[in-house]
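Here is a short briefing on a single protein chain. Please keep the structure open while reading.

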Amino acid sequence: MRCPYCGFIDQKVLDSRPARDGEAIRRRRECLACGRRFTTFEAPERPRLFVVKRDGSREEFSREKTFESMRIACRKRPVPMDALRDAAERIERDLFQEFEEETPSTAIGERVMRELQALDGVAYVRFASVYRAFESPTDFWEVLDSVRQEEPLAR
Ligand SMILES: [Zn+2]
């Protein structure tokens, strides 16, 4: 990065130490051109993943939303909440590993279906029937909304 005093791009790092309760690294640097010292902080970016919707708009992926939809699909089924939480976590982790910044809606759909299929056949069929009622699989993120809003599955 550039020296804030002279704009030169290279520095010597004099010292590195944890900062902000270990959430960042603080580095003391000395500019190789002008010799002045300054401090930088390095911290991980909060990982975010956006689902691209049918109309082209984007919504941030939410593990909670994914979990809620699966929970509703599993209503009155002998599926432990812990198993659903684990499933939602697996889906999230998997998506973050495979995609950067954006995920196709279908990628979420496939994973939710796979998890539900392994957990409970009835819940899987419930979910799949809502899923199929949508014209295109790219609507998957909206399927989650639909499942949550109407709860049409609990008949
Ligand atoms: Zn400088």
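From the N terminus, the elements of the protein chain follow the order β-β-β-β-β-α-α-β-α-α-α. That comes to five helices and six strands. The model is predicted.

**Overall make-up**

- The protein chain has 155 residues, and buried residues make up 23% of them.
- Among contacts with a separation of 6 or more, 52% join residues 24 or more positions apart.

**Helices α1 and α2**

- Helix α1 covers residues 63-73 and helix α2 covers residues 81-98.
- Their axes come within 9 Å and cross at roughly 135°.
- The crossing of α1 and α2 is right-handed.
- On the α1 side, the contact is made by Arg63, Thr66, Phe67, Met70 and Arg71.
- On the α2 side, Leu84, Arg85, Ala87, Ala88, Glu89, Ile91 and Glu92 take part.
- By class, this contact of α1 with α2 has six nonpolar, one polar and five charged residues.

**Helices α3 and α4**

- The axes of α3 and α4 come within 8 Å and cross at roughly 155°.
- That angle makes α3 roughly antiparallel to α4, because angles over 145 degrees fall in that class.
- Helix α3 contributes Gly109, Val112, Met113, Leu116, Gln117 and Leu119 to the contact.
- Helix α4 contributes Ala123, Tyr124, Phe127, Ala128 and Tyr131.
- The contact of α3 with α4 has nine nonpolar residues, two polar and no charged.

**The nonpolar core**

- The largest nonpolar core has 19 residues.
- Within this core, Met70, Ala73, Leu116 and Ala123 touch the most other members.
- Helices α1, α2, α3 (105-119) and α4 (121-133) each supply at least two residues of the core.
- Which residues does leucine 116 touch, not counting those up to four places away in sequence? They are Met70, Ala73, Ala123, Tyr124 and Phe127.
- Met70 also belongs to the contact between α1 and α2, while Leu116 and Ala123 belong to the contact between α3 and α4.

**Threonine 40 in strand β3**

- Threonine 40 lies in strand β3, which spans residues 37-42.
- Threonine 40 has 15 other C-beta atoms within 10 Å, so this residue is partly exposed; buried would take 20 or more, exposed 12 or fewer.
- Leaving aside neighbours within four places in sequence, threonine 40 is in contact with Met1, Arg27 and Arg29.
- Threonine 40 and arginine 29 are eleven residues apart in sequence. In space they are 7.6 Å apart, C-alpha to C-alpha.

**Positive phi in two loops**

- Aspartate 21 is found in the loop between β1 (11-19) and β2 (24-31).
- Aspartate 21 is not a glycine, although its phi is positive, at about 55°.
- Is aspartate 21 buried or exposed? Aspartate 21 counts as exposed, because its C-beta neighbours inside 10 Å number 6.
- Lysine 76 lies in the loop between α1 and α2.
- Lysine 76 has a positive phi of about 60° and is not a glycine.
- With 9 C-beta neighbours inside 10 Å, lysine 76 counts as exposed.

Terms used:
Residues are numbered from 1 along each chain as its sequence is written. This is a predicted model: local features need pLDDT of at least 70, side-chain atom pairs count only at pLDDT 80 or more; totals for chains, interfaces and linings use all residues. Helices (H or I, at least four residues) and strands (E, at least two) are DSSP runs, numbered from the N terminus. Two residues are in contact if their C-beta atoms, placed from the backbone, lie within 7 Å. Axes are lines fitted to C-alpha atoms, for helices over the stretch in contact, and angles run from 0 to 180 degrees between N-to-C directions. A crossing is left-handed if the near helix is turned anticlockwise from the far one by less than a right angle, and right-handed if clockwise. Ala, Val, Leu, Ile, Met, Phe, Trp, Tyr, Cys and Pro count as nonpolar, Asp, Glu, Lys and Arg as charged, and the others, Gly among them, as polar. A nonpolar core is a set of buried Ala, Val, Leu, Ile, Met, Phe, Trp, Tyr and Cys residues joined through C-beta atoms within 7 Å. Angles under 35 degrees count as roughly parallel, over 145 as roughly antiparallel, 65 to 115 as roughly perpendicular and the rest as oblique.
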